[in-house]
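Reader: I have a model open and want to learn to read it. Where do we start?
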Amino acid sequence: MTKLLQAAQRNLADAQVAQISAGNRFDAAYKCVMQCAMLGLWAHGWRTSTSQPGHHQTAIQTLDQTLGVDKQDLILLDALRRQRNVNDYEGDPISDASLQACLQAAAKLLAHTRQWLHAQHPEWRLD
């Protein structure tokens, strides 16, 4: 758990580097989102099958159940997942608005994940 949380923090930090392209910054922020979603699943003893299509969708769409993420935040995170797919598979560029939305959503989710893990699993040393 600690390593994945640290990786999420590193990805969010990387996403803040202005010298990197918007697409790569978006990818790093999105990776933070996915790592938080995985932490939520793992905290409940659940796993997605990463070899099967749809594991990103499953991980994000269950955040309300795993980490208690607000439904409106869940809708935004799922929209960012779809944007990532369009960028990755069709080459559509990432707009500044999408990048900023992803950066903000990733930061919010990371903070929420840390708080939730500390409250629900104080026995885990996550610092």
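Author: This is a predicted model. Start with glutamine 9, which sits in helix α1.

Reader: Is glutamine 9 buried, partly exposed or exposed?

Author: Glutamine 9 has a relative accessibility of 33%. Buried needs under 20%, exposed over 50%. Glutamine 9 therefore counts as partly exposed.

Reader: Which residues does glutamine 9 touch, not counting those up to four places away in sequence?

Author: Leu110 and Arg114. Leucine 110 is 101 residues away from glutamine 9 along the chain. Yet the C-alpha atoms of the two are separated by 7.5 Å.

Reader: How do I describe a pair of packed helices?

Author: Two packed helices are described by an angle and a distance, both taken between their axes. Take α2 and α6. Their axes are 9 Å apart, at an angle of about 25°.

Reader: How are α2 and α6 oriented to each other?

Author: Angles under 35 degrees count as roughly parallel. So α2 and α6 are roughly parallel to each other. Their crossing is left-handed.

Reader: Which residues make the contact between α2 and α6?

Author: From α2 come Ala22, Arg25, Phe26, Ala29, Tyr30, Cys32, Val33, Cys36, Leu39 and Ala43. From α6 come Ser98, Leu99, Cys102, Leu103, Ala106, Leu109, Leu110, Thr113, Trp116 and Leu117. By class, this contact of α2 with α6 has 17 nonpolar, two polar and one charged residues.

Reader: Now the pair α2 and α5. What angle do their axes make?

Author: Helix α2 covers residues 22-43 and helix α5 covers residues 71-90. Their axes cross at roughly 135° and come within 11 Å. The two helices are therefore oblique to each other. The crossing of α2 past α5 is left-handed.

Reader: Which residues of α2 and α5 meet?

Author: On the α2 side, Phe26, Asp27, Tyr30 and Val33. On the α5 side, Leu77, Leu80, Arg81, Gln83, Arg84, Asn87 and Asp88. Here the classes are five nonpolar, two polar and four charged residues.

Reader: What should I look for in a core?

Author: In soluble globular proteins, nonpolar side chains tend to be buried together. In this model, the largest nonpolar core has 36 residues. Phe26, Cys32, Ile60, Leu63, Leu77, Leu109 and Leu110 touch the most other members.

Reader: Which helices supply at least two residues of this core each?

Author: α1 (2-15), α2, α3 (55-61), α5 and α6 (96-120). The largest share, 13 residues, comes from α2.

Reader: Take isoleucine 60. Which residues is it in contact with, leaving aside neighbours within four places in sequence?

Author: Tyr30, Val33, Met34, Ala37, Leu74, Leu77, Asp78 and Arg81. Tyr30 and Val33 also belong to the α2 side of the contact with α5.

Reader: Asp78 is on that list. Is aspartate 78 buried or exposed?

Author: Aspartate 78 lies in helix α5. Its relative accessible area is 10%, so aspartate 78 is buried. Beyond residues up to four places away in sequence, aspartate 78 touches Gln57, Ile60 and Gln61.

Reader: What is threonine 48 in contact with, leaving aside neighbours within four places in sequence?

Author: Met38, Leu41, His55, Thr58 and Ala59.

Technical notes: Residues numbered from 1 in each chain as written. Predicted model: local features only at pLDDT ≥ 70, side-chain atom pairs only at ≥ 80, totals over all residues. Heavy atoms only, no water. Axes fitted to C-alpha atoms, helices over the stretch in contact; angles between N-to-C directions. Helix = DSSP H or I, 4+ residues; strand = E, 2+ residues; numbered from the N terminus. Parallel < 35°, antiparallel > 145°, perpendicular 65-115°, else oblique. Left-handed = near helix turned anticlockwise from the far one by under 90°. Contact = heavy atoms within 4.5 Å. Nonpolar A, V, L, I, M, F, W, Y, C, P; charged D, E, K, R; others polar. Core = buried A, V, L, I, M, F, W, Y, C linked by side-chain atoms within 4.5 Å. Buried < 20%, exposed > 50% of the residue type's maximum accessible area, 1.4 Å probe, protein only.
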